[in-house]
Amino acid sequence: MSGDIVQLAENSPIFSLRKIDSPICSLDQELTAKAIFAKSLICMSMKFGLKFDITGIAKEVFVFLKNSDLVLGLDYEIKTKPTKNRRKITFKYELRALGCSLHKVMPLLYTNFNVKENDCLTSKSQKTSIVEPLNMADVDIIGLTKCYYSGVMPKVLKIEKSKDNSANGNLQIYNIKFCKTTFATLDAMDNSYIKNHILLSGAINEDTTYREVLDRADIYEDKLKSMYLSGDNVSIDQVNECVKCSLNSNTCAVTCDILTIDGRHIMTRRSADVVDTGTIYPSCNGQSELLDNNVSFYKKSVYEDNPTIDTESDRRIDFSDEVKREAYAELGVEITNNSLEYLGISLLGICPTSKIDENATKCKVEKNEIPFIELRPIEEKRRFHFNIYTKSKSNDCMEEIEKKVESAVENFESDKKFGINLKIDNNASDTTNRRMSILMTAISYLDTISVLALSIVLLLVSSFTSGAGDINITIDIIATCISSITASIAILNLLRDYTKYLIKRNRCMVHYFNFSISKKKNNRNNVKKDSNISTAEMRRFCDKIEKFFKKHETKLHPVSALMMIYLLRSSEE
Amino acid sequence: MREKKSINEDSEISNTLYDSNTETNKVLSDLMEKNSNEVNLLKSIVEKKAKKKLSIVGEYVNLDYPEKNSTEGELYHGLSPRVDSTVIIDAIKLNAFSNSESFERYMH
């Protein structure tokens with residue numbers, strides 16, 4: 001059955017799932033598809049809210065709703081319009097951990113309320129209304145996120161290594177086979193808690209509910225990942241087996257480390273409105289997307305929102321253009337194909353282990369089958385996607401990039417930038433050169449101070465030698481004038497530099513980190529040398545960068561940690 | 001339209017393992033683990049080897065779709081992009097998410 005499709009609504013293919021031939025257990029795939037379809041629709045609807053004008057009692061009514069057990073996680077924002085003495089409320093029916101119940105909230109909005117003197121609310125009164133007129137025609141539907149569209153993404157089906165390297169023996173070639181999936185699907189798959197929505201507690205058929213079917217699908221995915229992907233070493237064959245059986249969207253992101261012309265690796269802190277808030281990401285990172293005629297956003301948005309992978313074309317399908325697109329969208333930086341190098345592929349997942357009751361006896365357990373009845377999957381986020389790692393160089397320095405970021409279309413994704421200067425010394429000569437360079441830079445910064453000091457010395461000398469004769473007096477006056485002017489210029493320069501420093505510090509957009517690593521000396525006795533960088537040096541680097549980010553109240557995302565590993569290892573060549 | 005290919009036709013591949021047994025890698029693994037938040041599964045499955053260049057390309061495999069061979073009938077794993085924000089906004093306006101009955105009707 002592998003490769004077949006479960007498709008809902010045959011004449012209108014709006015939802016389908018690849019049929020899976022699972023070694024773990026048998027899922028009712030028609031039912032699973034229907035339940036995931038429902039979950040996806042609800043997940044999408046949660047991205048939108050209602051905005052409408054209300055009468056004066058609305059605040060009290062909403063406070064009542066918020067404090068009652070009728071609604072969980074109700075959120076609203078009151079914006080006062082002083083001129084009209086009316087309040088505009090942005091009412092978000094956003095589901096939180098347990099979700100506010102649309103099932104209960106929407107009928108409430110359509111019900112007229114009467115507020116009595118003792119603040120008790122009674123419904124269905126014709127006297128007072130929460131919303132006047134409460135008609136959907138007068139209600140604005142607003143987006144609750146900064147950017148929302150269901151882009152088309154690759155779902156990885158298989159990663160294979162090319163055996164034929166006869167053309168060039170120095171190449172490792174990997175081919176990623178994929179079909180299409182969408183962001184809406186990924187979003188629903190990632191956010192397991194959505195199944196707690198009241199609408200999904202309803203019956204999907206005579207025997208079971210949407211929620212129970214979704215529970216089974218989650219348990220199935222968790223079991224699949226723990227079966228194939230646990231342990232330190234995971235082969236590509238295991239990964240391929242896992243994705244072959246996975247219901248998840250298994251998308252493929254692209255990640256790039258960009259080295260500036262002044263030798264800084266750019267890193268960014270994720271802002272509050274995006275996933276992985278507050279953690280450190282590499283220079284740029286984003287889901288790769290596929291050009292698709294069904295996505296209207298691609299047709300009308302800016303060029304950097306338009307995917308570069310065209311599945312209709314017979315030309316090479318390349319992820320490097322997606323990296324370039326992402327770098328321009330997030331940082332405003334242009335990188336070229338020639339400067340782009342692939343470093344590796346990782347898989348990244350949130351993989352909660354479902355609690356399995358070993359003593360479960362209430363249900364019949366088939367061989368290799370999970371006792372569904374006794375299981376309750378942990379309500380966590382789930383994630384299972386791939387990442388392609390690259391590195392590249394920019395012709396801009398860190399300060400220029402800082403300016404370019406301001407006009408980048410996706411600059412909201414990060415709120416802080418870091419410039420990591422990581423020097424790796426191959427030998428003693430490199431170390432000496434680097435230290436000399438630091439010394440020369442320090443001296444160049446000191447030139448203004450030197451001029452000031454010399455001017456003061458000259459002033460002092462001229463004051464000691466003054467009054468010895470007419471000619472000397474003239475020389476003294478000239479010397480004093482020159483010394484004073486020079487000293488003033490030096491002081492002004494110092495003030496200018498200090499002001500620049502203060503402005504830069506207050507803007508606080510880029511933070512710098514410097515570190516140098518020395519490679520091991522050649523040691524003939526070192527028979528099994530796994531790295532040219534000593535373990536102690538590696539540990540010193542890890543500790544220092546951890547402390548640096550801790551000082552900025554953040555920490556590396558594992559993707560960034562792996563990127564550093566790739567960079568350190570590739571620098572050893 | 002790209003010719004449809006079956007993923008089962010592909011030959012077996014050799015494994016590339018990320019060796020976490022070496023002392024150096026253990027230090028780096030510590031770095032990843034210490035910085036892991038909710039993510040508890042990160043595996044390097046392909047890594048550029050020393051002195052070699054790595055190339056990664058993609059290949060599109062269309063999901064089966066009987067009797068149609070155009071992009072109009074193209075299938076997606078999961079929700080089609082045809083269901084976009086406009087569709088959902090219309091559904092909200094139609095009050096499709098207000099209760100189980102209306103949602104069930106909308107689903108069909």
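Let's start with A:Gly344, which sits in strand β16 of chain A, residues 341-350. Strands here are DSSP runs of E, at least two residues, and helices are runs of H or I, at least four, numbered from the N terminus. A word on the source: this is a predicted model, where local features need pLDDT of at least 70, side-chain atom pairs count only at pLDDT 80 or more, and totals for chains, interfaces and linings use all residues. Residues are numbered from 1 along each chain as its sequence is written, with chains lettered from A and ligands numbered from 1 in the order in which they are written.

Is A:Gly344 buried or exposed? A:Gly344 counts as buried, because it has 27 C-beta neighbours inside 10 Å. The cut-offs: 20 or more other C-beta atoms within 10 Å is buried, 12 or fewer is exposed, in between is partly exposed, with C-beta atoms placed from the backbone.

What does A:Gly344 touch, leaving out residues up to four places away in sequence? In chain A, A:Tyr389 and A:Tyr566; in chain B, B:Ser44, B:Val46, B:Glu47 and B:Lys48. Contact means C-beta atoms, placed from the backbone, within 7 Å. The C-alpha atoms of A:Gly344 and A:Thr390 are separated by 7.2 Å, and these residues are 46 apart along the chain.

Next, helix α1 of chain A, residues 29-45. Its 17 residues reach 24 Å from first C-alpha to last, close to the 24 Å expected. That expected span is 1.5 Å times one less than the number of residues. α1(A) is mostly covered, with 14 of its 17 residues buried.

Definitions and conventions:
Contact = placed C-beta atoms within 7 Å.
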